[in-house]
Amino acid sequence: MEMPSTQTADGSDTTLIVGPLTRDLRRLLRTELLRDTCSAATIARLFSMHRRTLSRHLRIEGLAFRQVANEVRFEIACDLLANTDMELSQIATVLRYSEPSAFTRAFRRWSGQTPSAWRACHLRVPKRRFRKLRRYGGNRRQGELQSPMEKPL
């Protein structure tokens, strides 16, 4: 069994016991939630089992399908908020919410704050991409050196 550490909205760490079914379910939900609307019955079919069997296995681990699906939605939302400049309406659409306000209410329920407030606190600095400048020879701009020993123009 794997025991990942997660952080709650108040910043405290919790440790969850995750079995192989839950790990596989999370991985599958990560793709299926973005691809199409998915239900417990649809996901159970992908595992070649009945919906009730899936529910029973999850209940043994102390989980429910909706709980795991919402946790995965929250992970995806956090990833999109922190690593992209997508608008909230676009994120709501990607996560299959009927409207941005429904996404905002769900996110506030999960994290205790609005998506825009969460983004302001967790925004990762985007990587800057620089063009490679030709230092030696070729077209020079004013102030660029032709060789390491040359003085500026």
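Buried means under 20% relative accessible area, exposed over 50%, and partly exposed in between, with a 1.4 Å probe and protein chains only. By that cut-off, 29% of the 153 residues in the protein chain are buried. This is a predicted model: local features need pLDDT of at least 70, side-chain atom pairs count only at pLDDT 80 or more, and totals for chains, interfaces and linings use all residues. Residues are numbered from 1 along each chain as its sequence is written, and side-chain values use heavy atoms, with hydrogens and water left out.

**Fold and surface**

- The protein chain has seven helices and two strands; these are DSSP runs numbered from the N terminus, with helices being H or I of at least four residues and strands E of at least two.
- From the N terminus, the order is β-β-α-α-α-α-α-α-α.
- Of the contacts (heavy atoms within 4.5 Å) with a separation of 6 or more, 44% join residues 24 or more positions apart.
- The accessible surface is about 11,000 Å², and carbon and sulfur atoms hold 52% of it; areas come from the Shrake-Rupley method with a 1.4 Å probe, and for residues only the protein chains shown count as cover.

**Aromatic pairs**

- The structure holds six aromatic pairs.
- Rings of Phe, Tyr and Trp (its six-membered ring) pair if their centres lie within 6.5 Å; planes under 30 degrees apart are stacked, over 60 edge-to-face, and the rest tilted.
- F74 and W110 are edge-to-face, because their centres are 5.7 Å apart and their planes stand at 65°.
- F74 sits in helix α4 (residues 65–83) and W110 in helix α6 (residues 100–111), so this pair ties together parts 36 residues apart in sequence.
- W110 is buried, at 19% relative accessible area.
- F107 and W118 also pair edge-to-face, at 6.0 Å centre to centre and 80° between the planes.
- That pair links F107 in helix α6 to W118 in helix α7, eleven residues apart.
- Both F107 and W118 are buried.
- One aromatic cluster takes in F74, Y97, F103, F107, W110 and W118.

**R119**

- R119 lies in helix α7 (residues 115–122).
- R119 is buried but has no salt bridge, defined as a side-chain nitrogen of Lys or Arg within 4 Å of a carboxyl oxygen of Asp or Glu.
- The nearest side chain of opposite charge is D85, 6.7 Å away; Lys and Arg count as positive, Asp and Glu as negative, and His and the chain ends are not counted.
- Beyond neighbours within four places in sequence, R119 contacts L80, L81, T84, D85, M86 and I91.

**Cysteines**

- The whole structure has zero disulfides (cysteine sulfur pairs within 2.5 Å).
- C38 counts as buried because its relative accessibility is 16%.
- C121 counts as exposed because its relative accessibility is 60%.
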